[in-house]
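Work through the exercises below with the model open. Each task is followed by a stepwise solution.

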Amino acid sequence: MKIHEYQGKQLFREYGISVPRGIVVKSPEEAAAAFNELGGSIAVVKSQIHAGGRGKGTFKEYPEQNGVVLVRSAEQARENAEKMLGSTLVTVQTGPEGKQVNTLFVEEGLDIARELYLGVVVDREQNCPVLIMSSEGGMEIEVVAEESPEKILSEYFDAALGLMPYQARKLAFALGMEGKTVRSAEKFLTKICKFFVDNDCSMTEINPLIVTGAGELVALDAKVTFDDNALFRHKNFLELRDLSEEDPAEVRAQKAGLSYVNLDGNIGCLVNGAGLAMSTMDLIKLHGGEPANFLDVGGGASVEAVTEAFQIILADDNVKAVLVNIFGGIMKCDIIVEALMEAYDKVGITVPLVVRLEGTNVEIAREMLEKSGKDIITATDLTDAAKKVVGTLAG
Amino acid sequence: MSILVDKNTRIITQGITGNAGLFHAQQCRIYAEECQPGENILVGGVTPGKGGQEVDGFPVFNTVQEAVEKTGANTTMIFVPPPFCADAILEAADAGIELIITITEGIPVMDMAKVKKKLEDYPCRLIGPNCPGVITPGIAKIGIMPGYIHTPGKVGLISKSGTLTYEAAWQLGNLGMGQSTAIGIGGDPIIGTNFIDLLDMFEDDPGTEAILIIGEIGGTAEIDAAEYIKEYITKPVGAFIAGRTAPPGKRMGHAGAIISGGKGTTDEKIEALEAAGVTVAQSPADMGAAVKQAMEK
């Protein structure tokens, strides 16, 4: 689960992690008032969307307007907010469709001596969290990794112990910090790693992390993603969820306990098991089609789950045919066919439906399908299924 | 011959009084009784607070330690819900269980990071989590896979995915090839056992003549496996990698199946495997055929 920058910074503050003073606003008037309240000669107005690259991103409605702007008066804050709120921001991470900006964060301007990069993730090879830093603040870490990997510094740490102060100092010295800044870094880095572990983050990224003229580290950005599997112990985070940032079909699927990802193609897929669901998409593509979605209906494949799955797939207007691919194991094929047929009637499927079943009781299941009198195309194996479903669109 | 599971395997189920735990313990018992008539290898279960009870003939113990002492169990199958799973795994390790098979899906990654580190202190092996388990066809199955689709044979199967494992076993069966042992290693970012350890065991197992590995997008485990195969594995290896059409940045069902920062794509994995001399199936319909081809090379 992703949260907004202003929410991340609020959580940082609770951990004693330095962030600039800022005010959340939802109207141009509030933006102007926020400028005055912050009281400085400059302020920064930042679009709040769940995607990076906001500073360089531009609005569809106002191609000259960036997603993050520096303003020097309350009037400028108001003018910019007027354009940004309700408009669609397109960044390198949003895709061409962009994201609508509904909230802005107005922050005090700071005296920036240096910009750095900081990221914490779980490293899958070392099986532990890792703190990644780089002197190239403001640049995407993937680009730095590609162009100058020697500028990336990593400290792996034990999740139970947290980042030790010596590890923080090691990074600080390697980044050329001195005196008071090293002490500031020691505190900042150990706290950010504690924040990461305590809150079950899958990512915490601060880009840029700045060193002020006074030698203090301050988080100028906050990109925080939580591990969905750990939300059961952080129930308060659910209040931070912004559903307008998520794909409605994916939200609906999640509620039904289905795993669904929307894609651009026109062949809907209903599959049991994540690996088989991914492979089914690959198979469609391999035979010249384009999958419309990833959908794992789970091992159970109950009537409710299958019905909801069909409804979600068919709610996508791009879908012109559907492939059901089920390997019946403990859950027998005949039981699955019953669910399929019930769902078929309930949903009223009007596009071609190809069903490929394999596994326990498959013969009984195939016979049930054939005798059903329903307009269902049966396939004998994976390749046959892919060819048939792609074929329905050819004519 | 086989790896991990053999005739000395004695299994307990942690979470045996839950629906899934009991159902699968029963299924495993039915399978074991067919394979080894007269032998009781599903020796009981653990649910804290329900010790002393019996469910469908399985004695229930309060602690894993007690279960080990009273039954001689050396293997556990864990169905405990995600919030309590880290605890259950470490309890098993601390009680001296040698093989810990964790079926549960949805364990927080941070829990697994802590568990993985702590397990270094114990001489045990963790399989999973978020996996179908382990089966040595004709001997025993420890997990949720349908037993009959796996036939005894000489292909060692290692897979990140449940249903794809079944699919592969089915395809192998149709080609007249069974499995020595099939292992679902799980689709989470942090797992107990990766491809390399199992490749090594299959290489040493006289009952295994060829190996099939099934991977997916996310992480670099398949690339590490490719490097290892190139260096140390002499037996023929076939492979399939799922998720060629998966968009970057999106989790494809499995918590670990995600392309992040341009890393973990199928293309780089397939390239590495092919460079290591592995026969990689382009279609999931050809997983069995890939092993056959690898053996004929």
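**Exercise 1: the faces of a helix**

The face of H2(B) turned away from its buried side carries the exposed residues B:Glu69 and B:Lys70. This is a predicted model: local features need pLDDT of at least 70, side-chain atom pairs count only at pLDDT 80 or more, and totals for chains, interfaces and linings use all residues. Residues are numbered from 1 along each chain as its sequence is written, chains are lettered from A and ligands numbered from 1 in the order written, and side-chain values use heavy atoms, without hydrogens and water.

Task: find the buried residues of helix H2 of chain B and what covers them.

Step 1. Helices (H or I, at least four residues) and strands (E, at least two) are DSSP runs, numbered from the N terminus. Buried means under 20% relative accessible area, exposed over 50%, partly exposed in between (1.4 Å probe, protein chains only).
Step 2. In H2(B), residues 64-71, the buried ones are B:Val64, B:Ala67 and B:Val68.
Step 3. They fall within an arc of 100° seen down the axis, so they line one face of the helix. The arc is that of the directions from the helix axis to the C-beta atoms.
Step 4. Their cover includes strands S1 (11-14), S2 (42-46) and S4 (58-61) and helix H3 (85-94) of chain B.
Step 5. B:Gly72 follows H2(B), with a positive phi near 75°.

**Exercise 2: a helix pair**

Task: describe how H3(B) lies against helix H4 (residues 109-119) of chain B.

Step 1. The two axes come within 10 Å and cross at roughly 10°. Axes are lines fitted to C-alpha atoms, for helices over the stretch in contact (heavy atoms within 4.5 Å); angles run from 0 to 180 degrees between N-to-C directions.
Step 2. H3(B) is therefore roughly parallel (under 35 degrees) to H4(B).
Step 3. B:Ala86, B:Ile89, B:Leu90 and B:Ala93 of H3(B) meet B:Asp111, B:Met112, B:Val115, B:Lys118 and B:Leu119 of H4(B).

Terms used:
Angles under 35 degrees count as roughly parallel, over 145 as roughly antiparallel, 65 to 115 as roughly perpendicular and the rest as oblique.
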